[in-house]
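Hello,

Here is the structure you asked about. Please open it first, then read my notes below.

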Amino acid sequence: MPTHYTVRRFKPADMDRVLEIERASFGKDAYDRKLFAEYGRKCGGLFLLAEGSRTVDGYSIACVSGKYSNLLKLGTSVASLESIAVDPRARGKGAASSLLKSTVRRLKLQGVGRLTLMVRRSNAVALRFYERRGFTAVRRAPGYYEDGGEGLVMRLTL
Ligand SMILES: CC(C)(COP(=O)(O)OP(=O)(O)OC[C@H]1O[C@@H](n2cnc3c(N)ncnc32)[C@H](O)[C@@H]1OP(=O)(O)O)[C@@H](O)C(=O)NCCC(=O)NCCS
């Protein structure tokens, strides 16, 4: 059954819970405390948590990264989804959907025109999640991951 999630900004006191979700989701590829602290400083307004009735079940981080040019939207800002993960025990209940929806809303308010991300091509669950939410594949990134795994750049026009 879907859970009602409140989405709010990350605070330093949330760090241990974020690390728990991260390790349970990515194992040896998990980001460490230092990297999350850096994201908190650099992209704090878009480092978000999905909170259910009792616990924080997921987090996402997006950073506004620069501008892209094309004939129609000259100089529009772009953002990248740096990471998103949900506690394995809480998946399939809408936490990631709530996080993405809130991220998109916040980005639009800032006038950001595009959200990109990198996903492992072998991560079928995440790929499907992004495709169902309107992201399209832009290009392949062979050998992007440390273990030689291939990445796929995806993009959502906001
Ligand atoms: C990808 C991920 C963030 C999705 O999180 P989530 O909170 O389960 O996502 P939601 O519940 O909002 O949506 C999941 C979709 O799978 C379906 N689903 C149903 N049961 C599910 C289950 N037990 N587990 C996962 N998904 C399930 C949902 O109905 C939904 O379907 P839809 O796309 O047709 O709407 C999560 O699987 C995760 O943390 N994966 C590991 C980390 C990861 O790969 N991150 C992405 C890196 S690029």
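**Arginine contacts**

R140 touches R121, E150, G151 and L152, leaving aside residues up to four places away in sequence. Keep in mind that this is a predicted model. R140 sits in strand β6, which covers residues 136-141. Its side chain has a polar contact with the side chain of E150, at 2.7 Å. I also checked R140 against M154. The two are 14 residues apart along the chain, and their C-alpha atoms are 9.1 Å apart.

Now R120. This residue is part of strand β5, residues 112-120. Which residues does R120 touch, not counting those up to four places away in sequence? The list is D29, L127, Y145, D147, G149, E150 and G151. With D147, the side chains make a polar contact of 3.2 Å.

**The ligand**

There are 21 residues around the ligand. Which of them come nearest? They are G92, G94, S97, N123 and R132. Two of these have side-chain distances to report. An N or O atom in the side chain of S97 is 2.5 Å from an oxygen atom of the ligand. For the side chain of R132, an N or O atom is 2.6 Å from a ligand oxygen atom. I84 comes in through its backbone instead. There, an N or O atom lies 2.9 Å from a nitrogen atom of the ligand.

**Two helices**

Next, α1 (residues 15-26) and α2 (residues 33-42). Their axes come within 11 Å and cross at roughly 120°. The two helices are therefore oblique to each other. The crossing of α1 past α2 is right-handed. From α1, the contact uses M15, D16, V18, L19 and E22. From α2, it uses R33, F36 and A37. By class, that makes five nonpolar and three charged residues, with no polar ones.

**When you look**

Start with the side-chain pair R140 and E150. Then go to R120 and D147. After that, turn to S97 and R132 at the ligand. Finish with the contact between α1 and α2.

Best wishes

Conventions
Residues numbered from 1 in each chain as written. Predicted model: local features only at pLDDT ≥ 70, side-chain atom pairs only at ≥ 80, totals over all residues. Heavy atoms only, no water. Axes fitted to C-alpha atoms, helices over the stretch in contact; angles between N-to-C directions. Helix = DSSP H or I, 4+ residues; strand = E, 2+ residues; numbered from the N terminus. Parallel < 35°, antiparallel > 145°, perpendicular 65-115°, else oblique. Left-handed = near helix turned anticlockwise from the far one by under 90°. Contact = heavy atoms within 4.5 Å. Nonpolar A, V, L, I, M, F, W, Y, C, P; charged D, E, K, R; others polar. Near = heavy atom within 4 Å. Polar contact = N/O pair within 3.5 Å; in protein donor to acceptor, adjacent residues only side chain to side chain.
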